[in-house]
Amino acid sequence: MITRKRLAAGVCALVAALTAGVALPAGAAAGEPTGEDAPKVDLVLDVSGSMRTRDIDGGTRMAAAKQAFNEVLDATPEEVQLGIRTLGADYPGDDRKTGCKDTAQLYPVGPLDRTEAKTAVATLSPTGWTPIGPALLKAADDLDGGNGSKRIVLISDGEDTCAPLDPCEVAREIAAKGIGLTIDTLGLVPNAKMRQQLSCIAEATGGTYTSVEHTDELTDKVNQLVDRAADPVVTPVAVNGADACAKAPELKSGLYTDREEFGKQRWYRVDVLPGEELRASVSVSADRAVNPSYGVLLRAVTVHGREIVRGEAADNGRTDVISTGLRYPKPEIDDADGDKPAAETVCLQVTNSFSVAPGVKTTPGLPLELTVDVVDGPSQADDVAAFGLGRGWWLLGVLVLVGFLAGLLWGWLSRWRFAVWRTH
């Protein structure tokens, strides 16, 4: 549905497995891979003037990129639809406005003709500006449509030269659309500023950043990312939570993605029948610089506002993803008339306590991934609901009773020893 240290869909799925103890049910539940559409990859290559620099294995950065692309094109899996987009490849002038529009689709995203794609790559020559932000927006359009995995692989040797269109903000806007698109970035011989910008772009969409200084490293990493696009993935379904339960969207079992403003709350609704158990987990990730000490709260509440159960977690800046989960088993109801029992509407509330320093943008909100699973409930569900320990709750009672009796015995022995001491 969160690296990248942040693994938006990966972390949420892991937390769901730990807190819920079960995988998503079989069938076409929300967020499950359907395999209907081929995976798509758009390779976005920086062809700005700085790519003439000769500092990669004795050759230019452009030569290293071309060699890597030729090898990647040979190794691309048949099922992957691949395209190539350039930035800074056509305009050599000094007009900034024109230079910041210099991005073009060199090879369209679709079934790969390796010879045609290699011929197109061979024509490239380092030319102009570095409009990373505009190129990412166009690349997202290149991958529009379909429900298969979508991945942008950006290779650049410098930071964006087209401010104030911040490419990191562009990446956040792409992530906020909920189209399941991941941006991976590779920095050629990076400096600190470029590394920071490319890392921010990747983290905003759950992608990875890699520093590259050799041709074989570039080839291996791009190959790895293209191959990864062919792996089955769970794409979260975009949903818009409400500011109150009464207006909240109704969710079924599945994986969902949303955006939540700083310090705000989002509401969702889930129907639970008697004999079923609701298992939910949420991950909220910091895709920008945040203040230390933050938390997330997930509550299950009745439509009348009574809290049923909650899960919460807090951190002090050690990780950029924070997750929690909860379980709510609804006991069976004996119905003498044989009528089908009515479902209970459970309201799920997600609240975060993230905050940012002045000057850091607060929109769009923080990425949020929510896993919902409604399954057959355990036996003696009332014990689980009351104590949160399943059938092992009696052990707690025994320990309490033993401790109480031991305390009474110790007190009686102490008084007896004191009485004997006074007598003698």
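A disulfide is a pair of cysteine sulfur atoms within 2.5 Å. It is a covalent bond between the sulfur atoms of two cysteines. The legends below apply this to a predicted model.

**Figure 1. Three disulfides in the whole structure.** A search of the whole predicted structure finds three disulfides. How are the bonded cysteines paired along the chain? Count the bonded cysteines along the chain, and the pattern reads 1-2, 3-4, 5-6. The next views take the pairs in turn.

**Figure 2. The disulfide of C100 and C162.** The two sulfurs lie 2.0 Å apart. The pair links distant parts of the chain, 62 residues apart. C100 sits in the loop between α3 (96-99) and β5 (103-110). C162 sits in the loop between β6 (150-156) and α6 (167-176). Which hand does the link have? With -100° about the S-S bond, the link of C100 and C162 is left-handed. Are the two cysteines buried or exposed? Buried means under 20% relative accessible area. C100 has 14% relative accessibility, so C100 counts as buried. C162 has 6%, so C162 is buried as well.

**Figure 3. The disulfide of C168 and C200.** Here the S to S distance is 1.6 Å. Where do the two cysteines sit? Both ends are in helices: C168 in α6, and C200 in α7 (residues 192-204). The two cysteines are 32 residues apart, and their pair links distant parts of the chain. The torsion about the S-S bond is about -45°, so this disulfide is left-handed. C168 counts as buried because its relative accessibility is 3%. C200 has a relative accessible area of 17%, so C200 is buried too.

**Figure 4. The disulfide of C245 and C347.** The sulfurs of this pair are 1.8 Å apart. What parts of the chain does the pair link? C245 lies in the loop between β9 (237-238) and β10 (254-260). C347 lies in strand β16 (residues 344-352). Why does C347 count as buried? Its relative accessibility is 0%, so C347 falls in the buried class. C245 is buried because its relative accessible area is 14%.

Technical notes. Residues are numbered from 1 along each chain as its sequence is written. This is a predicted model: local features need pLDDT of at least 70, side-chain atom pairs count only at pLDDT 80 or more; totals for chains, interfaces and linings use all residues. Side-chain values use heavy atoms; hydrogens and water are left out. Helices (H or I, at least four residues) and strands (E, at least two) are DSSP runs, numbered from the N terminus. Buried means under 20% relative accessible area, exposed over 50%, partly exposed in between (1.4 Å probe, protein chains only).
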